[in-house]
Amino acid sequence: MQQRSNILFYEIHSWIGVLFSILLFVISFSGVVALFGHELTQWERPEHRITYNAEAPVDVDRLVAPVLAEANIGEDSFFMISMPDYYHPMLEVLWTDAGSEETEVRHINPNTGEVLPPSSSDFAELLTYMHTDLLLPRPFGRYLIGVMGLVMLLSILSGIIIHKKIFKEMFRFRVDRSRRLKWTDLHKVLGVWPLPFHVVIVFTGAILGLNGIMIQVAAFSAFEGDVEAAIASVVGEHPEITGEPLESNSYNQMLLRYQDQVLNAKPQAIYVEAYGDRNQVVQVSGKTDEALVRFVDVKYRSEDGEVVNINNPVHDSGPFMRVYFSLTPLHYALYGGFLIKALYFVLGLALCLMMVTGTVIWQIRKAQRQKLHSGDINTRGSGWFLSLVTVGVCAGLVVATSATFYANKLLPPGGGGDQRFHWIEMVYLSVWGVAIAWAMLRRQIKPALADLSLCAGLLLCGIPLLNALVTGNGLLVPWESVTLPVVFTDLGALVMGIICLYSSRYIYRQVSQSKLSADIPQAVVVR
């Protein structure tokens, strides 16, 4: 009975890897890049590379006045003001136009008060959207992400069950054994050492992906199907529109009240509902350093400054809601600073490699079952086809991601709207498609992987040079005129490029040695 169960779990683990490993790789690798979506802002927008002074006061009323004077904001909509920080040093104003119903964004230099020209979304948002929705229509893409998270959890659980000695063998790496055993040991090491990270990142990703469905379920069970009531229970009721104008309004006063009321909190955003109406409500959101869940939201009525609602998960929520509010910080490393994100980056790459090694093990096992020589997997069978698809999709994704940096700098700047965003998306998908096609046309796994690694390495190593030539700023220019996020981006691209180039050289050498061995006549033993 136990043996039958082990066989069942082994088949579950194997087929999950075979059927979903490529898609899970895409989600994981795009997530590794999406970790730094906020930090990439200054690299993709050179006009945002300004000196940020955390101690300097920000006169929000003065800065947003010219933008709000021209904006067409309806009373039944809201607008948001994002405060500047180290990685995003511009003040940002976002609203929905009452006429066109399009989302408008303006960035304001807090040092000079200059309002920058309208600009569309760029490649950092594209790469983040790839991770959260797979570039599919919302909310279906996000639901698919959530389902894939559950699939990955099942794969991890089945992997632990079938490898009963996995924790005893976590230090074993048999480099002198067969090809399959070497890949198996690498798969175990990549799966066991970062196992707590894998479980946390997959579980939080699954819940965040299925969050929309969970809200619907909660609304039907606790609020008789009223989704608005379920949301209002957390964020508070929407203000009623009276049609009477608001006589006076000061966002600076609301910020001061918030800082007096929530000690050790730094305001991050201002949300305004019923703009210009007598019942206008201003919500100030900030973060503290007290815990993993660090945000505190306070809603004020603009007319008299009365507190309408306080959302403080740290002190006011029960255990379930605290866990719920901790999902996003845990998934996107929104705690602990840059070093935690760097650790997530390394562990995320380990998760990607674990999926690839699992596919390789299955392909070698399939070839051995068919009594093929290990080299024959490159020339026949479904394993050969799946291998080429895996190489094209996975290595091609690295090439396509690198290409978006070049699209950001070489495509003409766009105004408002999404035209530039769509052009970058087209470059991203086109390069990815060409990489997949190249792997299929190459017809050999190792040469195809070496080619794409070489291409990715060259593109990544060229990113610092591209940045310096186009913007006159970056890793290759005097550092006193460069902000650290730009330096880290250039340096990270350079390091990853060197790794890709080294991998390409190593694979090319293996291919050459294999050809050399094949050309040497084998000795014939006569008995």
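Start with the aromatic cluster, which consists of F36, F338, F345 and F488. The pairing rule takes rings of Phe, Tyr and Trp (for Trp, its six-membered ring) with centres within 6.5 Å; planes under 30 degrees apart count as stacked, over 60 as edge-to-face, and the rest as tilted.

Before going on, the conditions. This is a predicted model, where local features need pLDDT of at least 70, side-chain atom pairs count only at pLDDT 80 or more, and totals for chains, interfaces and linings use all residues. Residues are numbered from 1 along each chain as its sequence is written, and side-chain values use heavy atoms, with hydrogens and water left out.

By the pairing rule there are 15 aromatic pairs. One of them is Y335 with Y344, edge-to-face, with 6.3 Å between centres and 80° between planes. For burial, I use relative accessible area with a 1.4 Å probe and protein chains only: under 20% is buried, over 50% exposed, and in between partly exposed. Y335 is at 24%, so it counts as partly exposed, while Y344 is at 7% and counts as buried.

F338 belongs to helix α13, residues 338-369, and F488 to helix α17, residues 484-519; the two are 150 residues apart. Helices here are DSSP runs of H or I with at least four residues, strands are runs of E with at least two, and both are numbered from the N terminus. F338 is partly exposed at 30%, and F488 is partly exposed at 37%.

A separate ring contact: K409 lies over the face of W43, 3.9 Å from the ring centre. The criterion is NZ of Lys or CZ of Arg within 6 Å of the ring centre and within 35 degrees of the ring normal.

Now the strands. Which strands does β6 pair with? β5, residues 281-287, pairs with β6 in the antiparallel sense over seven bridges, and β7, residues 307-311, runs antiparallel to β6 with four bridges. Pairing requires at least two DSSP bridges between the strands. β6 itself, residues 295-301, has five of its seven residues buried, so it is largely enclosed by the rest of the structure.

Q280 sits in the loop between β4 (266-273) and β5. Is Q280 buried or exposed? At 0% relative accessibility, Q280 counts as buried. Leaving out residues up to four places away in sequence, its contacts (heavy atoms within 4.5 Å) include L246, N249, Y251, Y300 and R301.

Next, the record. An unreviewed UniProt entry annotates "transmembrane region" over several segments, including 448-470 and 482-502; such annotations may be inferred rather than shown by experiment. In the model, residues 448-470 are 100% helix, with end C-alpha atoms 32 Å apart. Residues 482-502 are 90% helix, with end C-alpha atoms 29 Å apart.

Last, the totals. The chain has 17 helices and seven strands, and 46% of its 527 residues are buried. Of the contacts between residues at least 6 apart in sequence, 67% join residues at least 24 apart.
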